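Please look over the structure shown below before reading on. The report then goes through it part by part.

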Amino acid sequence: MSDAAIEVEGLGRTFKARGGDIVALRDVNLRVEPGEIVGLLGSNGAGKTTLTKILATLLLPSSGTARVFGHDVTKDAREVRRMSGVVLGGERGLYGKLTGRENLRFFGMLAGVGRRRLTERLDAALDRVGLTEVADRAVDTYSKGMRQRLHLAIGMINEPPVLLLDEPTVGLDPVEAERLRHDVAALRARGTSVLLTSHLLLDIERLADRVVILAEGAVVADVAVDEFAKLAGYTAVVTVRGTGRSPVLDTGRSSQIMVDDLSEAEGLWTLRLRVRDWSVDSFGHLGAVLGGVEILGVDVAPLRLEDVYGHVAAQLATGSGTDAVEVHP
Ligand code: ATP
C-alpha cells in the first residue's frame, strides 16, 4: 500500500473532438497525503473536473497513472471506488420521488456497503449532515442546500478515506455553504483526505492545507496555503482618509510599504497602500508617513485568497509565464 492517499503521475487525458483533439490534462503530477485537504483551483476548462472524474473512475486516463491508496484507477477500479467517495456539485443524480433516507440507502448499496452495515450507518450519516428531521421527506421537497448535504452524506456513506468534492458549495446560500464547510472540516478531523475543487476561494481558505492550480491542463502551482498567500507579495491593503495637509510620501524608506494611490479632493485626502508584512519596519514607516496629519479614518483590509488568485491568474493570462508562479515545495 502506497503512503499517499492520492498519487497522480504524468497523467494525461485527451478528448477526440470534431475540430481536433482537446487536451484536458497534460503530464499532471499530484499527491494528497492521508488526512490532507488539497484545494484544486483553475479557470473554466482548466481540467479540474476531468481530473476528479478520473480519480472517481468515471473516466479513463489517456496516459500516466492515478492511484488511490496504491490502487490504480484503471486496473483496480473496484478497490478505488471502495476507498473513495465523490460529490459532484449541482442538482444531478438524486431520485426526487424517493426520500433522503431512501436515496442514501440506494447509493450506499451501489457503493458496496452491506445491508446490515448500511442500516446501522444511515441514521448517523443523516445526522452528521443535519438531515435527520427531513430524512423521510421526498427529495423533490428539499432545498438546494439539503440536496447538497445529501450528496455529501452519499459520498461518505462507505466511510471512505478519500473524498473528491467538486464545487460542493455551488448555489448554496452563505449559511448553507458555511454549514457544508463545517461538515467537510469535521471529516478532516476524522482523518479523511479531500481533493476539493471550488471557484469559491472562501472554501479553500477555510478548508485547504495546500493549493494546486491547474491551467490548460497542467499544474502551475502546488503550494501550502500559507505560501500561496505570499504569492501576492502583500498582506493587507490600508486605506487612510484625512483632512488638511496630505501625508508626505517617502516610499524609498521601507521595503514593507507600497503606496498605490494618494488622491485629494475638496480638502480631503485618501491614501491607499499595501503592506508587505506587519513588522516593526512597516509600523515605523506608517508612523512616519502619518505623523502630524489629521486622520479621519483608517481601514485595514487583510489579503484574501481571492486577491492572491486574481494576482496569479492575471500573471498566467498575460503570459508573464507560468514560470512566474510555478512553485513546487
Ligand atoms: P469548469 O471550471 O468550467 O468546470 P474544469 O476545469 O472542470 O472547468 P474540465 O471540465 O475538466 O474543466 O474540461 C477541461 C477541457 O476538456 C475543456 O476544454 C473541456 O471543453 C474539455 N472536455 C471535458 N469533457 C469533455 C468531453 N466529454 N468531450 C470533449 N471535451 C471535453
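**Overall**

This is a predicted model. The protein contains 11 helices and 14 strands, and its C-alpha trace spans about 75 × 45 × 40 Å along the principal axes. Of its 329 residues, 47% count as buried. The protein exposes about 16100 Å², and carbon and sulfur atoms supply 51% of that area. Among contacts between residues at least 6 apart in sequence, 69% join residues at least 24 apart.

**The ligand site**

The residues around the ligand are Phe15, Ile22, Ala24, His199 and a run made up of Ser43, Asn44, Gly45, Ala46, Gly47, Lys48, Thr49 and Thr50. Both β2 (22-32) and α1 (48-55) supply at least two residues of this shell. The largest share, three residues, comes from α1.

| Residue | Part of the residue | Distance to a ligand oxygen atom |
|---|---|---|
| Asparagine 44 | N or O atom in the side chain | 2.9 Å |
| Glycine 45 | polar backbone atom | 2.7 Å |
| Histidine 199 | polar side-chain atom | 3.0 Å |

Taken alone, the ligand exposes 640 Å², of which the protein buries 61%.

**Helix α4**

Helix α4 covers residues 115-128, which makes 14 residues. From its first C-alpha to its last it reaches 20 Å, close to the 20 Å expected at 1.5 Å a residue. The helix has a kink of about 35 degrees, centred on arginine 121. Arginine 121 is also one of the buried residues of α4, together with Leu118, Leu122, Ala125 and Leu126. An α-helix has 3.6 residues a turn, so residues three or four places apart point the same way. What do the buried residues of α4 pack against? They pack against α3 (100-110) and α5 (144-156). After α4 comes glycine 130, which has a positive phi, near 70 degrees.

**Glutamate 36**

Glutamate 36 sits in the loop between β2 and β3 (37-41). Is this residue, glutamate 36, buried or exposed? Glutamate 36 counts as buried because its relative accessibility is 12%, and the cut-off for buried is under 20%. The side chain of glutamate 36 makes a polar contact of 2.9 Å with the side chain of arginine 210. Leaving aside neighbours within four places in sequence, the contacts of glutamate 36 are Arg31, Thr192, Ser193, Val194, Asp209 and Arg210.

**Valine 68**

Valine 68 belongs to strand β4 (residues 63-68). At 1% relative accessibility, valine 68 counts as buried. With neighbours within four places in sequence left out, valine 68 is in contact with Ala5, Leu55, Val80, Met83 and Val162. How far apart are the C-alpha atoms of valine 68 and serine 84? Their separation is 7.8 Å, and the two residues are 16 residues apart along the chain.

Conventions
Residues are numbered from 1 along each chain as its sequence is written. This is a predicted model: local features need pLDDT of at least 70, side-chain atom pairs count only at pLDDT 80 or more; totals for chains, interfaces and linings use all residues. Side-chain values use heavy atoms; hydrogens and water are left out. Helices (H or I, at least four residues) and strands (E, at least two) are DSSP runs, numbered from the N terminus. The expected span of a helix is 1.5 Å times one less than its number of residues. The bend at a residue is the angle between axes fitted to the seven residues ending there and the seven starting there. Buried means under 20% relative accessible area, exposed over 50%, partly exposed in between (1.4 Å probe, protein chains only). Contact means heavy atoms within 4.5 Å. A residue is near a molecule or strand if one of its heavy atoms lies within 4 Å of it. A polar contact is a pair of N or O atoms within 3.5 Å; within protein, one must be able to donate a hydrogen and the other to accept it, and residues adjacent in sequence count only if both atoms are side-chain atoms. Accessible areas come from the Shrake-Rupley method with a 1.4 Å probe; for residues, only the protein chains shown count as cover.
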